[in-house]
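Reader: I've got a model open and would like to go through some of its side-chain pairs and helix packing. Can you walk me through it?

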Amino acid sequence: MKGEEEVRKHVKILQLAGVESLLSNGGKELPLSSIEGKMTWLFFSAHWCRPCRNFTPKLVQIYTMLRNTNKNIEIIFISLDHDEASFLDHFKSMPWLALPFNTSLRRKLCSHFGIEHIPALIPLSVTPSGGLGFEDDVVKLVEEYGVDAYPFSANRRGELEAMDDARRQGGKLQELLGCKDRDFVISADGIKISIADLTGKIVGLYFGAHWCPPCRTFTKKLVEVYNELKILRPGSFEVIFISIDRSKEEFQASLSAMPWLAIPYSDTARQELTRIFAIKGIPALLILGMDGKVLKTDGRRAISAYGATAFPFTESRVSEVDEALRKEGDKLPRRVNDPRHSHELELDMAKAYVCDECLQKGRHWVFSCKQCNFDLHPSCVEESK
């Protein structure tokens, strides 16, 4: 069989590198022929390496799932630990095989396979010409896609990225926010709301976490806008919280301060959406238009700068609001002298303030004292003249 022939070549790769035998988790020495007929990956890791310790349990889970579905696979652990005791301590959590602890051989293997960082998971392969080779490190692929990444190849990555793109561009909320076993999102008190009920609404996908201070600050602003739009435009805007929290308790703490909906914490859709939309930092707010497709608008900036005025948060609407504010500012004097304050007041722009005359909240244009904590609405200044 072609596959078995390729795996024999995998064995030959290791033989050429100087590997003579392998160890089972129980400490039994096995010949290299024990991996013949199996797809094989080399796992470079160390107990002292925190990313390695974090990645290993996930890899164990995936390995176990694949073996339970009769996938003929094997992983070979190559230790970069400082001593044999640490190697054995790390290896006892792994259900696969290992290279016997040998610092000289591991240096040779690291050089042969170009290992520059750990953890590293290297698929052994056969080149199109039939030669012996290996593919790029697939740790990131496994972290992003889990068991769906199998068989952890460049071709599989291409397939998965195409599927992500289809979900991102498809405009189908059920495919984007739901899964085969879930067609709903939840409220803070656990009520299930059908994803179909979101159709035709502007939807904000809010990525945040309770441990993140900027998220807690932005949540308060988003709550204000959300509640304002419930009054001004009932049924037109909804927010879905995609938690980046580290525990279910943190998730519940986040959600308790939110009047909107969420993806359940136990659902893998949270990680999938983070990956699909390449979320690199939080808080982040993506805006889905009424067609279910992502708008180019920076939702966080639009909400922070313009509040509910920018609804429905399209680029054109944000530009309109920005231009209207600019024109409003052009009509205002740069400085004023008000009889209620001893210092000259300068025109400024603020996200939020409280007017010292009418004691009402204000935003955008404000006349402020640079020496004192004194602010006036432009309209209050005009009325005082």
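Reader: Let's start with Glu344: what does its relative accessibility make it count as?

Author: This is a predicted model, so local features need pLDDT of at least 70 and side-chain atom pairs count only at pLDDT 80 or more, while totals for chains, interfaces and linings use all residues. Residues are numbered from 1 along each chain as its sequence is written, and side-chain values use heavy atoms, with hydrogens and water left out. Buried means under 20% relative accessible area and exposed over 50%, with partly exposed in between (1.4 Å probe, protein chains only). Glu344 sits at 38% relative accessibility, so it counts as partly exposed.

Reader: Which residue does Glu344 meet in a salt bridge?

Author: A salt bridge here is a side-chain nitrogen of Lys or Arg within 4 Å of a carboxyl oxygen of Asp or Glu. For Glu344 the N to O distance is 3.4 Å.

Reader: Why are Arg156 and Glu159 separated by about one helical turn?

Author: They form a salt bridge, the closest N and O atoms being 2.9 Å apart. Arg156 is buried at 18% relative accessibility, and Glu159 is partly exposed at 44%. Helices are DSSP runs (H or I, at least four residues), as strands are (E, at least two), numbered from the N terminus. The separation is about one helical turn because, in helix α6 (residues 154-169), the two are apart by 3 residues.

Reader: On to packing: at roughly what angle do the axes of helix α11 and helix α12 cross?

Author: Axes are lines fitted to C-alpha atoms, for helices over the stretch in contact, and angles run from 0 to 180 degrees between N-to-C directions. The axes of α11 (residues 299-306) and α12 (residues 315-330) come within 11 Å and cross at roughly 30°.

Reader: Which residues of α11 make the contact with α12?

Author: Contact means heavy atoms within 4.5 Å. On the α12 side, Val318, Val321, Asp322 and Leu325 take part. From α11, the residues are Arg301, Ala302 and Tyr306.
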